[in-house]
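Dear colleague,

I am writing to hand over a structure for your attention. Please find it below, together with its sequence.

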Amino acid sequence: MQYKLPTITTLGRGNNCDIQVPSTLTKVSREHAQIKIHNSNMYVLYDQSAGGTLVNGKREKQVVLRDRDRISLAGAVEFVFSNGMLSS
């Protein structure tokens, strides 16, 4: 599945998330992470999740996304960033 990214995209289990993962993935927080566009760069921002957010296998709090970066939410679900979109 592919997701177009608006200026701010929230990822998590919560009903209010732009990209919602299954509620059975309890390692993923309700509002796990955000992707924001700022100055034509896209950043993944790790919020207050206990499980962590990994970009290309490294735990990150904030990182500029590059084409083909892999974003893992608590090791439970992974997305690939490409051409300004996420795919799962």
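The following paragraphs set out what was found, beginning with the chain as a whole and ending with individual residues.

This is a predicted model, in which local features need pLDDT of at least 70 and side-chain atom pairs count only at pLDDT 80 or more, while totals for chains, interfaces and linings use all residues. Residues are numbered from 1 along each chain as its sequence is written, and side-chain values use heavy atoms, with hydrogens and water left out.

Overall architecture

The chain contains 11 strands and 0 helices; here helices (H or I, at least four residues) and strands (E, at least two) are DSSP runs, numbered from the N terminus. Read from the N terminus, the order of elements is β-β-β-β-β-β-β-β-β-β-β. The chain is as compact as a globular protein of its length, because its radius of gyration is 11 Å, close to the 12 Å that the globule rule gives for 88 residues. That radius is taken over C-alpha atoms, and the rule is 2.2 Å times the number of residues to the power 0.38. The C-alpha trace spans about 35 × 25 × 20 Å along its principal axes.

Of the 88 residues in the chain, 43% are buried. In this message, buried means under 20% relative accessible area, exposed means over 50%, and partly exposed lies in between (1.4 Å probe, protein chains only). The accessible surface of the chain is about 5,300 Å², and carbon and sulfur atoms account for 45% of that surface. These areas come from the Shrake-Rupley method with a 1.4 Å probe; for residues, only the protein chains shown count as cover. Where contacts join residues at least 6 apart in sequence, 29% of them link residues at least 24 apart, a contact being heavy atoms within 4.5 Å.

Charges and the salt bridge

The chain carries 11 positive and 7 negative side chains, and the centres of the two sets are 3 Å apart. Lys and Arg count as positive and Asp and Glu as negative, whereas His and the chain ends are not counted. Each charge is placed at NZ of Lys, CZ of Arg, CG of Asp or CD of Glu.

Side chains of opposite charge can pair when their charged atoms come close. How many salt bridges does a search of the whole structure find? The search finds 1, where a salt bridge is a side-chain nitrogen of Lys or Arg within 4 Å of a carboxyl oxygen of Asp or Glu. It joins the side chains of Arg 70 and Glu 78, at 2.9 Å from N to O. Glu 78 is partly exposed, at 38% relative accessibility, and Arg 70 is also partly exposed, at 41%.

The loop between β2 and β3

Both Asn 16 and Cys 17 lie in the loop that connects β2 (8-12) and β3 (19-20). Asn 16 is exposed, with 54% relative accessibility, whereas Cys 17 is buried, at 8%. Beyond its neighbours within four places in sequence, Cys 17 contacts Thr 10, Leu 11, Gly 12, Arg 30 and Glu 31.

Two residues with positive phi

Most residues other than glycine have a negative phi. Arg 68, however, has a positive phi near 75°; this residue is in the loop between β8 (62-64) and β9 (69-73) and is exposed, at 64% relative accessible area. Asn 83 likewise has a positive phi, of about 50°. Asn 83 sits in the loop between β10 (77-82) and β11 and is exposed, at 65%.

The end of the chain

Ser 87 belongs to strand β11 (residues 85-87) and is partly exposed, with a relative accessible area of 21%. Which residues does Ser 87 touch, not counting those up to four places away in sequence? They are Met 1, Gln 2, Glu 78, Phe 79 and Val 80. Although Ser 87 and Met 1 are 86 residues apart in sequence, their C-alpha atoms are 5.4 Å apart in space.

Ser 88 is in the segment after β11 and is exposed, at 52% relative accessible area. Leaving out residues up to four places away in sequence, Ser 88 touches Met 1, Tyr 3, Glu 78 and Phe 79.

With kind regards
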